[in-house]
Amino acid sequence: MYHKLKGVTNHIKKQLIKEDVIHGDETGINVNGRGEQCHLISTKNIHIIFITRVEVFKAMNKMGVLPKYRGILVHDFWKSYFKYKCEHALCNVHIQRELKNIYKIYKQEWAKEMSDLLYEIKEQADCARNWELK
């Protein structure tokens with residue numbers, strides 16, 4: 001099916017490369033009893049998913065988007081993402097998860113305070129966006 005859709009897939013990749021901001025993520029999945037990696041590159045409206053058993057960085061290169069991308073890549077701070085020559089932004093959901101674990105495991109009060117601050121900033125940003133839409 002991949003080969004039959006190659007024209008569509010190439011079009012999607014070209015569109016993603018032109019975007020100002022894209023999101024990258026990955027997760028382990030089970031395919032017919034084998035552990036594989038599912039890689040996603042997306043915007044609100046455009047998505048490409050790539051499933052592979054190869055090493056993470058090789059898989060991301062094989063997808064063909066990140067080596068050419070020069071916009072802002074939002075990701076979960078995996079080391080492999082930082083090898084690309086684009087701007088990097090760290091995903092707030094992943095940051096919140098790390099802060100929660102730091103507070104829970106190490107009882108570091110600053111982690112809870114930072115988490116609360118990030119939620120407050122998000123709330124204010126959402127309010128400002130909603131106000132601009134009126």
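Apart from neighbours within four places in sequence, Leu-99 contacts Trp-110, Ala-111, Met-114, Ser-115 and Leu-118, where contact means heavy atoms within 4.5 Å. The model is predicted, so local features need pLDDT of at least 70 and side-chain atom pairs pLDDT 80 or more, while totals for chains, interfaces and linings use all residues. Residues are numbered from 1 along each chain as its sequence is written, and side-chain values use heavy atoms, without hydrogens or water.

Leu-99 is buried, at 7% relative accessible area (buried is under 20%, exposed over 50%, partly exposed in between; 1.4 Å probe, protein chains only). Its C-alpha atom is 9.9 Å from that of Glu-109, 10 residues apart along the chain.

H3 (residues 92-106) packs against H4 (residues 109-133) at about 150 degrees, with the axes 7 Å apart. Axes are lines fitted to C-alpha atoms over the stretch in contact, and angles run from 0 to 180 degrees between N-to-C directions. H3 is therefore roughly antiparallel to H4 (angles over 145 degrees). H3 contributes Ile-95, Gln-96, Leu-99, Ile-102 and Tyr-103 to the contact. Residues from H4 include Trp-110, Met-114 and Leu-118.

Elsewhere, the largest nonpolar core holds 17 residues. Such a core is a set of buried Ala, Val, Leu, Ile, Met, Phe, Trp, Tyr and Cys residues joined through side-chain atoms within 4.5 Å. Helix H2 (56-63) and strand E3 (47-52) each give two or more residues. H2 supplies the largest share, four residues.

Technical notes. Parallel < 35°, antiparallel > 145°, perpendicular 65-115°, else oblique.
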